[in-house]
Number of protein chains: 2
Amino acid sequence: MAAALSSTEAYSLLALSLACFGILSNTFSRADGEPLVASIAFSGLAFASCYALIRWLGGAFMRRGFKGRDLCKLRQTEIPETMGAVCAVVYLFTLIMFIPWPFYKDIVVATSGGGNRDVIKELEEVETGRLLHRFPHNKLASYLSAILSLQCIALLGIGDDLFDIRWRHKLFIPAIAAIPMLIVYFVDFGVTQMVVPIPLRPYLGELFDLGWLYYVYMAMLSMFSTNSINILAGINGIEVAQSLVIAVLIVVNDVLYLSPFTPYPHPATDSHLFSLYLLLPFIGVSLALLKHNWYPARVFVGDTYCYFAGMVFAVDGILGHFSKTLILLLLPQGFNFVYSAPQLFHLVPCPRHRLPHFNARTGLLECSRVEFKRPLARPIAESVKLLHRLRLLDVESDENGQVVSCSNFTIINLWLVWFGPMREDRLALGLLAFQSAFGVLGLLIRHRMALLIFTADNW
Amino acid sequence: MAAALSSTEAYSLLALSLACFGILSNTFSRADGEPLVASIAFSGLAFASCYALIRWLGGAFMRRGFKGRDLCKLRQTEIPETMGAVCAVVYLFTLIMFIPWPFYKDIVVATSGGGNRDVIKELEEVETGRLLHRFPHNKLASYLSAILSLQCIALLGIGDDLFDIRWRHKLFIPAIAAIPMLIVYFVDFGVTQMVVPIPLRPYLGELFDLGWLYYVYMAMLSMFSTNSINILAGINGIEVAQSLVIAVLIVVNDVLYLSPFTPYPHPATDSHLFSLYLLLPFIGVSLALLKHNWYPARVFVGDTYCYFAGMVFAVDGILGHFSKTLILLLLPQGFNFVYSAPQLFHLVPCPRHRLPHFNARTGLLECSRVEFKRPLARPIAESVKLLHRLRLLDVESDENGQVVSCSNFTIINLWLVWFGPMREDRLALGLLAFQSAFGVLGLLIRHRMALLIFTADNW
């Protein structure tokens, strides 16, 4: 990877940045500051700076030992690793710089003179209109706690990439990083009640107070969201691209709540604006990273990125109050986790790497296999054979009917079992198409079917 | 350094932790939650965990390349570097876990049942007494922004220790890390007026609005506070111990405002409580680090610690509204900076290291010197000779009166010029005694003299 930007790249990024600065300075001259427009402009700036920084810092990362070899390539040159850390830092600074737009109600007065608080009163008239992009000032603590949790996960993620923390400790990193958000939720908001689905109401009532279990639920959600992304990994671009698909789907869901057709004021408007403000810059930095991480990858993203992306979704879903929708969108990752479980919990032997196997002769990826040196226990062997009949696994048996090998338990290998060997980028595209289709379907069901089990869709 | 704790250490730390947990759980049973008592207990826990973690993680840090040699020792074995990062992470988690105590007014109700918000009303009666330890809930955003800025400096400091950022970029790291705090200050508080000293009032009025210059002032304060601590470094324990002296002096100043003799309610009570809540855990983690970093050092603290300590003071001074007192306490560091300036700005040649020179024969430190290969320019040579006459430098001249060498421009070397060679720990103790005396004097002057130039001491 060249450390310098090509002149085309440099000029494009410069033009994008200038345009974004222009839009930003324009928001000042509008009476309401236009946070949503500003957020889009900030996302553009985040893309540009992340793109350039990844290029400039690659060398420094490699010199400090953040590097790895791409096992699915013919020429396994070393490329920079842990570039997700760059993303995370750019993203966090974007979120911080953005604070004045949604939260400072009298920004126009303040920037013109600084501290002339007496002029504010005149502005109140301006703000009586449809305040779509405005935040109540008391959401500031929520927003700051989100940034805190994301900074924690960035710190801990970098720590993991540095010191290679063990699997069983890794699992809990997101729960630790969720603490700031949970504590501020507890202090500032503290609602732990859930709306109960109609079929369960005779037993639980209309609202069920989860109490401290609600906090456990939120911590579990962070662990699920980060680790499930971390597990669906291993081929170029898949970590970033799957996160982008989820982010875009959530944005679509948010926009549904904010469109001019939705009645206003709507109780969920603020929450979904909040969600957009977190996700748009995330899409910006992720696109910049994907550009370098897509096949053939010139950088790796590191665990930091997976943690960070998962945490963005968890924070977004929790503080935006759509955690159930989030779980729906994470179902493909959830399926991959459940599917992987036999190997993760060592019911079936688990090799060090479960990447697809690179066939140097064809240049294609084939599903990787685990060989059983000792015969499997009877119930496990039978289950494995059952999976084979369900076309959920490729199993090889010897003449005695003894299982000798099977494909590794990941959705990536399963895809190769189904559709045969293919090039790395086609494999990634296939999985992403599957995930997108699944997500769109999920959103449709969520909004069409919600009324069947809840009395009101919070549409 | 042994990676495991000795059994004495392990039992002492365990006893301390249990005592602190006991105190913490006790705060629940008191109606007002006792945040100040909780803060002290948290500081004890922070000490214990930091102490243990430094020991346990030393090996991992060295394996990952965070290590260095102690140049002032006979046997220069390699020891872990960047241990300030451990401090910073423990400190940040302590601050986060502490949030519910000062900010949740009805914590007793909340912890007993979770979400039973209707019970709160009864408690209001309890809270009509002297609410010394309580915070107004709207200070939460300030507190969170302080944590954000400190997390930023930890991230950037670790980045610096990893990638060895250049001097001229390093200088600005604290200003970048101050951004979250400044932005929240702008959004949430926005007061940029200063009380004008009496002699200047005819020209400026009673209050002078600094406007955006106030933000520049705060950013400069962060840069001054961090970098001045970073410059006064190089011998075992000096970075941590000088920070501890400053922290303790600020705590003394805070306690003056909170003592039973001070009229209550006092406008500055909240600010100084805020300051205590930030400083007590800092003292906890710093003591744990000092125990390992004091002569003969078994770990180094790294730039991370200096950045982090300086930023704790800056955040504390700015959000506690006593920035001028802070500057007073940093005067010894400020003097060292001014004194170093001729070498920092290359008016006089500056060697790579300006550490004192270790005399292997005596085992004592002697002042290190810079040799002038080319004769100095006339005005500089004359100034250097003047400093020599003022006993502020040790200059050596040849028979022609040409300056050939002089002691390096740091307060550490100056101390050795004044008092002759001495062992490393006596040197550190001498400097600390000087700093403490200076600080106590400063506080006395600040509270006795303030009325001469301001109409009211904010005592």
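Modeller: For helices, an axis here is a line fitted to the C-alpha atoms over the stretch in contact, and an angle runs from 0 to 180 degrees between N-to-C directions. The model is predicted, and every value below is computed from it.

I start inside chain A. Helix α3 (residues 84-98) of chain A packs against helix α13 (residues 269-293) of chain A, the axes being 9 Å apart and the angle about 150°. The crossing of α3(A) and α13(A) is right-handed. From α3(A), the residues in this contact are G84(A), C87(A), V90(A), Y91(A), T94(A), L95(A) and F98(A). They meet Y277(A), L278(A), P281(A), F282(A), V285(A) and L289(A) of α13(A). By class, the contact of α3(A) with α13(A) has 11 nonpolar and two polar residues, and no charged ones.

The loop between β2 (78-80) and α3 of chain A holds T82(A). T82(A) is not a glycine, yet its phi is positive, about 65°. In the numbering of chain B, P296(B) sits in the loop between α14 (269-293) and α15 (302-319).

The next packing joins the two chains. Helix α9 (residues 173-188) of chain A and helix α3 (residues 84-98) of chain B cross at roughly 35°, and their axes come within 9 Å. This crossing of α9(A) and α3(B) is left-handed. I176(A), I179(A), P180(A) and I183(A) of α9(A) are in contact with F93(B), I96(B) and M97(B) of α3(B). The residues of the contact of α9(A) with α3(B) are seven nonpolar, with no polar and no charged ones.

Contact between the chains involves 46 residues of chain B and 46 residues of chain A. The buried area between chain B and chain A is about 4000 Å², and carbon and sulfur atoms give 76% of it. On the side of chain B, R64(B), L155(B) and V187(B) lose the most area to chain A, together 17% of what that side buries. There are zero salt bridges between chain B and chain A. Three residue pairs are in polar contact across the interface of chain B and chain A, counting pairs with both residues at pLDDT 80 or more.

Elements giving two or more residues to the side of chain B that touches chain A are α2 (35-63), α3, α4 (100-103), α5 (107-113), α7 (140-163) and α10 (179-188) of chain B. Of these, α7(B) gives the most, with 14 residues. The side of chain B that touches chain A divides into 31 nonpolar, 10 polar and five charged residues.

Definitions and conventions. Residues numbered from 1 in each chain as written. Chains lettered and ligands numbered in written order. Predicted model: local features only at pLDDT ≥ 70, side-chain atom pairs only at ≥ 80, totals over all residues. Heavy atoms only, no water. Helix = DSSP H or I, 4+ residues; strand = E, 2+ residues; numbered from the N terminus. Left-handed = near helix turned anticlockwise from the far one by under 90°. Contact = heavy atoms within 4.5 Å. Nonpolar A, V, L, I, M, F, W, Y, C, P; charged D, E, K, R; others polar. Buried area = accessible area lost by both parts, 1.4 Å probe. Salt bridge = Lys/Arg side-chain N within 4 Å of Asp/Glu carboxyl O. Polar contact = N/O pair within 3.5 Å; in protein donor to acceptor, adjacent residues only side chain to side chain.
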